[in-house]
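Subject: Model for you to look at

Hello,

Here is the model we talked about handing over. Please open it alongside these notes, which go element by element.

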Amino acid sequence: MPKQLTLLLDTNVLIPLQDSYAVLGDNLANFHRLALVGGHKLVYHPASIEDFERDTDLGRRARNLEHVRRYPALERPAKCPWNTPATSPNDACDNEILYALECDAAHALVTEDKGLLTKARARGLGHRTYNIQTAEDWLRRLHQPFDVSLPNIDDQPLHSLTPELTGAFFDSLRDGYDGFDEWFRRKARENRKAWVYRDETDVLGAICVYDVQSNELVTNEGKLLDGKALKLCTFKVGQSVRGRKIGELFLKAAFRYATENACEHIFTHADVDKHAYLVNLLVDFGFEDIGPYGKDRVLVKQHPLNAPDSAGLPALEYVRRFYPHYQAEHQIQKFLVPIKHEFHQILFPDYQALQSQLFAPRGSVGKRVCRILCKRTIHRRREPACPQTQ
């Protein structure tokens, strides 16, 4: 997908975007906003000027011409060979616009004219012709990442956490990174987000700051992660909430986010001596050490878009490396493990039941039960074995 799209706008899309007398529909307003966010080029065809000039309402014609010229015109489009002296002015204008699209003067045409949409399909250009709603959805999927939600985990912008930045929770992060507060505030201005866990008293107990990057150099040797990668920039589970599987929930959020947003790698930087618990958790979930970054090590998990070949890997090793992909051939054994309701809620606090519970849960299990489950290799809902949690 090119970084910048050229979108050819029909007359019925051009005017409402700028006409102060028209109330913008939600789709139209969001389309315009996302085009600006993505830095895409919105252009009109010079034939649209002729279309406006045929308007017999002089005041409206002058206003429309003034509005449309706020956009750049398509530069020197090829003359349409489909028009003849018998072609009506309206059809001639439509043909000029469609021929420009056929000549690849733009990536797509955006119009609300049903007749023009029909003509585009007849010319084999239907797949590149959008109405406002479908164009807005296209740009939203490009520039508005799919958010994930898990019980007990909030997805928050960093600026909403700035008032807590001076608190004791961030002291260890400040000790490990000179200039942490300045970094945090800078990323807050860039609308960076984080997954956050709070304890029963609403005190911040854990945080995972994340970001999507492309073609990132991640080691001192200049190793490159091709394609989109999800970076876990800051990952901390406070001492007071350890044993609640918060590290697991953060990783589950990361896996879901990477899947929904087509990220091919997940990576982080960690000091293997200071952050042994975190490193062990990451390794259990398929992260591999690929080299140094300053004083830290770079831990990367492959997250391929398509399931890779098993290459003779055992089923458990395959899911550890490539989750959410897994092997499901006939020779792979599957088990259903019955769990009493009250224990199911304790063991799997991230499970979202269809019906809410009458009474609040009593808490979640600690490390001991998780380790027992791991040793017994009980696997639920096609997820990797539960490691000793942070």
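At the start of helix H6, a side-chain oxygen of Asp 113 comes to within 2.8 Å of the backbone nitrogen of Gly 115. That is a polar contact (a pair of N or O atoms within 3.5 Å; within protein, one able to donate a hydrogen and the other to accept it, with residues adjacent in sequence counted only if both atoms are side-chain atoms). Helices (H or I, at least four residues) and strands (E, at least two) are DSSP runs, numbered from the N terminus.

This is a predicted model: local features need pLDDT of at least 70, side-chain atom pairs count only at pLDDT 80 or more, and totals for chains, interfaces and linings use all residues. Residues are numbered from 1 along each chain as its sequence is written, and side-chain values use heavy atoms, with hydrogens and water left out.

**Helix H6**

H6 covers residues 114-122, and Leu 116, Leu 117 and Ala 120 are buried there. Buried means under 20% relative accessible area, exposed over 50%, partly exposed in between (1.4 Å probe, protein chains only). Down the axis, the buried residues of H6 fall within an arc of 105°, so they line one face of the helix. The arc is taken over the directions from the helix axis to the C-beta atoms. Lys 114, Arg 121 and Ala 122 are exposed on the other side. The buried residues pack against helix H5 (89-102), S3 and strand S4 (129-130). Contact here means heavy atoms within 4.5 Å. Just after H6, Gly 124 has a positive phi of about 75°.

**Helix H11**

H11 spans residues 276-284. Its buried residues are Leu 278, Val 279, Leu 281 and Leu 282. They sit on the same side of H11, because they cover an arc of only 160° around the axis. Their packing partners are strand S8 (224-237), helix H10 (246-260), strand S9 (265-270) and strand S11 (296-302).

**Two loop residues**

Asn 261 lies in the loop between H10 and S9. It is buried, at a relative accessible area of 10%. Its side chain reaches the backbone oxygen of Tyr 257 at 2.9 Å.

Ile 332 is in the loop between helix H12 (315-322) and helix H13 (341-347). Ile 332 is also buried, at 17%. Leaving out residues up to four places away in sequence, Ile 332 touches Ala 315 and Gln 327. Pro 314 is 18 residues from Ile 332 in sequence, and their C-alpha atoms are 9.6 Å apart.

**The whole chain**

The protein has 14 helices and 11 strands. Of its 390 residues, 43% are buried. Among contacts with a separation of 6 or more, 62% join residues 24 or more positions apart.

**Confidence**

How much of the protein scores at least 70 in pLDDT? The figure is 82% of the residues, and the average is 81. pLDDT is the predictor's confidence in each residue, from 0 to 100. Where pLDDT is low, the predicted coordinates should not be read in detail.

Best wishes
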